Amino acid sequence: MSKLPLPLQNLPLPIIASPLFIISTPKSVIAQCISGVVGSMPALNARPAAQLEEWLIEITETLAAYNKANPDKPAAPFAINQIVHKSNDRLEHDMAMCVKYKVPIIITSLGAREDINAAAHSYGGVVLHDIINNKHARKAIEKGADGLIAVAAGAGGHAGVKSPFALIQEIRQWFDGPVALSGSISTGDAVLAAQAMGADFAYIGSAFIATEEARAVEGYKQAIVDSSSDDIVYSNLFTGVHGNYLAPSIRAAGMDPENLPEGDLKTMNFATGEGSKAKAWKEIWGCGQGIGAVNKISTTADFVGKLKREYTAARARLQLA
């Protein structure tokens, strides 16, 4: 296991809930943290930009009150995701809000910037950068990120094609800092498997969409329950960056999921979520291959409780083997 920075030490469970564009809100973040996993949301989910400060106040004050009332069972810390892409004209504003409210963990995506990392470090924050290959991992650490989120094959939304075995092995040859693994993780057994491969944390996204606190339409949640890995389509049409999506949502938008044209990153604006073919992430539902293990819509607390039981049982089986 890695030597972990303070905000990532002593977590109730080795799990980070990934930031879900449009879907994650203070309601879901707070529920995740109180349940014992790192909760997160994209800064861009707060619209207009002024709403981000309101949301950060809500999260920090609610978690502080919870921790005061439950000193023996404190909540896990929370994270804010920043899209470090040139189309995001809110980045400086949003990062200033994170500094003001001392957000414990910053997750950076689609670009790495030394000034963003330095801003987080100014108050003791930790920066985790998501990557899809070893080359990008090295660049992120060189620019000052504290840790990595290895986005392997099968992850929901923007995802790579590398096997988690290959990606973790390559990273661990040179990096001994915190690493979270993303890609098809929906059970406690898979959380332990991620650790066995060399990751410190499991990074779970799609399964949290099918929770009551998630800001997703009921059709989206039910589609996750009803679908399996056979219903996931890998395409760059919608944002210009390859990602995994639910085939039923593609058909509902009037397209054939088996015959999608190529996309162009230049047509995507990450600040608005708009692409050239459909309003990305709203009409087209991002989702990973691990949803076959999701069989009902539940509360965040119930889902995390299930993960904990499975994780504990998996560890016990190994100890008895």
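For sorting residues by class, Ala, Val, Leu, Ile, Met, Phe, Trp, Tyr, Cys and Pro count as nonpolar, Asp, Glu, Lys and Arg as charged, and the others, Gly among them, as polar. With that in hand, the lining of the largest cavity in this predicted model turns out to have four nonpolar, five polar and no charged residues. The residues around this cavity are Leu-20, Ile-23, Ser-24, Ser-28, Gln-32, Phe-208, Thr-211, Ala-214 and Thr-300.

Next up is the second largest pocket, with a volume of about 220 Å³. Its lining includes Pro-12, Leu-13, Asp-72, Lys-73 and Pro-74, along with Ile-34, Ala-301 and Lys-308.

Helix 1 (residues 26–35) packs against helix 2 (residues 51–69) at an angle of about 25°, and their axes are 10 Å apart. Angles under 35 degrees count as roughly parallel, so helix 1 and helix 2 are roughly parallel to each other. The crossing of helix 1 past helix 2 is right-handed. On the helix 1 side, Pro-26, Val-29, Ile-30, Cys-33 and Ile-34 make the contact, and they meet Trp-55, Glu-58, Ile-59, Thr-62, Leu-63 and Tyr-66 of helix 2. Nine of the residues in this contact are nonpolar, one is polar and one is charged.

Conventions. Residues are numbered from 1 along each chain as its sequence is written. This is a predicted model: local features need pLDDT of at least 70, side-chain atom pairs count only at pLDDT 80 or more; totals for chains, interfaces and linings use all residues. Side-chain values use heavy atoms; hydrogens and water are left out. Axes are lines fitted to C-alpha atoms, for helices over the stretch in contact, and angles run from 0 to 180 degrees between N-to-C directions. Helices (H or I, at least four residues) and strands (E, at least two) are DSSP runs, numbered from the N terminus. Angles under 35 degrees count as roughly parallel, over 145 as roughly antiparallel, 65 to 115 as roughly perpendicular and the rest as oblique. A crossing is left-handed if the near helix is turned anticlockwise from the far one by less than a right angle, and right-handed if clockwise. Contact means heavy atoms within 4.5 Å. On a 1 Å grid over the protein atoms alone, a cavity is a set of points where a 1.4 Å probe fits but cannot get out, and a pocket is an open set with protein on both sides within 12 Å along at least five of seven lines; lining residues have an atom within 4 Å of a point. Grid points are joined across faces, edges and corners, and a volume is the space filled by probe spheres set on the points.
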